[in-house]
Amino acid sequence: MKINSSSLLKEAYGKFCIPAINVSMPEQVYALFSTAQRMNAPFIIQTTPAAREYMHPVILLNYVKAAARIFPDVLFALHLDHGNESHIYNAIESGEYTSVMIDASHDPLEKNIERTKRITTQAHLKNISVEAELGVLSGVEDHLNIEEENALYTNPADVEYFVKETGCDSLAVAVGTSHGAYKFSGGKGLRFDLLKDIQERVPGFPIVLHGASSIDSEEIKRINATGGKIKEDAKGLTEEEIRKAIPYGICKLNIATDLRIVWTRVFREYFQNHPDQLDPLKPGIQYIEELKKLLEKKFEILGNSNTTQLYKKLI
């Protein structure tokens with residue numbers, strides 16, 4: 001059952017974290033809903049503009065609708081990730097999304113506020129939540145390509161002002177994570193001092209971590225053993241960092257790269273071991289099963305397993 005994104009985050013605040021999973025193919029949608037039903041775990045399913053361009057939005061969203069019918073007990077929200085105004089207005093008018101993200105983090109503060117406030121006003125008319133971003137994440141993901149040296153941490157002093165002026169419902173902050181497979185290759189990790197300062201300024205307000213995949217080093221080694229060239233110093237969030245971040249108000253964690261890494265490993269190994277094969281369904285089936293294992297582990301780390309019952313009063 002689909003539920004408003006803000007309701008998911010409000011209940012989770014300070015206790016557990018809602019996984020926000022970026023999807024672009026039916027295998028990912030099926031694995032996500034199947035695992036969530038088995039583990040009684042709510043989640044946010046996300047589509048990016050790149051995914052909507054790769055697969056027509058109607059087809060992409062029908063994957064989600066079909067999964068919701070097959071797994072009727074699953075509680076989820078549907079989110080547009082990293083949208084501009086055009087993407088967002090299309091998502092609002094579709095009537096399918098429960099939340100949208102306006103990515104104006106590259107703009108000066110006042111321009112970011114102006115754009116975010118405009119989107120928030122329109123989205124709230126249809127009971128759609130708005131996620132904004134303050135601070136710039138480094139790395140590479142979809143259309144994003146920002147040099148590490150230009151990455152800007154979120155200024156906690158700006159957060160309180162930004163939230164008050166825009167009326168947004170959640171805020172993605174730059175506190176050390178990055179997009180893509182390289183994450184913390186610089187070795188700095190999360191800035192918990194910034195998270196503490198932000199929480200003190202906006203207590204109870206949902207904070208979001210983008211670029212929050214973990215990057216399993218063994219997966220990287222297996223990919224490279226089959227011809228891949230991913231840097232082996234790639235590093236993401238540790239389990240300890242994720243658990244430590246939750247009490248600081250992190251209640252939504254975006255995960256995309258980990259799904260891509262598993263896909264790459266499964267398909268590379270399969271076709272290397274079966275060079276006479278052409279059928280993508282066989283490694284596709286294996287990918288679904290491997291993805292279920294990954295998602296199960298994520299749900300356990302984030303603490304959202306067996307929490308669906310907390311939302312019964314809202315259903």
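Let's start with Arg115, which is buried, at a relative accessible area of 14%. Buried means under 20% relative accessible area, exposed means over 50%, and partly exposed lies in between, with a 1.4 Å probe and protein chains only.

A word on the source. This is a predicted model, where local features need pLDDT of at least 70, side-chain atom pairs count only at pLDDT 80 or more, and totals for chains, interfaces and linings use all residues. Residues are numbered from 1 along each chain as its sequence is written, and side-chain values use heavy atoms, with hydrogens and water left out.

Which residue does Arg115 form a salt bridge with? Asp107, and the closest N and O atoms are 2.5 Å apart. A salt bridge here is a side-chain nitrogen of Lys or Arg within 4 Å of a carboxyl oxygen of Asp or Glu. Side chains of opposite charge can pair when their charged atoms come close. Asp107 is partly exposed, at 25% relative accessibility.

How many salt bridges does the structure hold? The count is 24.

Take another one. Glu85 pairs with Arg118 in a salt bridge, with 3.2 Å between the closest N and O atoms. Glu85 sits in helix H5 and Arg118 in helix H6 (residues 109-124), so this pair ties together parts 33 residues apart in sequence. Helices (H or I, at least four residues) and strands (E, at least two) are DSSP runs, numbered from the N terminus. Glu85 is buried, at 17% relative accessible area. Arg118 is partly exposed, at 35%.

Now a third pair. Arg265 and Glu290 meet through their side chains in a salt bridge, 2.9 Å from N to O. Arg265 is in helix H11 (residues 257-273) and Glu290 in helix H12 (residues 281-302), so the pair links parts 25 residues apart in sequence. Arg265 is buried, with a relative accessible area of 3%.

Back to Arg115. Salt bridges with shared partners join Glu85, Asp107, Lys111, Glu114, Arg115 and Arg118 into one network.

Next, the strands. Strand S3 (residues 76-83) is mostly covered, with eight of its eight residues buried. Strand S2 (residues 43-47) pairs with S3 in the parallel sense, over five bridges. Two strands pair if DSSP finds at least two bridges between them. S3 also pairs with strand S4 (residues 99-102), parallel, over three bridges.

Look at His79 in S3. Gln46 stands opposite His79. In S4, the bridge partner of His79 is Ser99.
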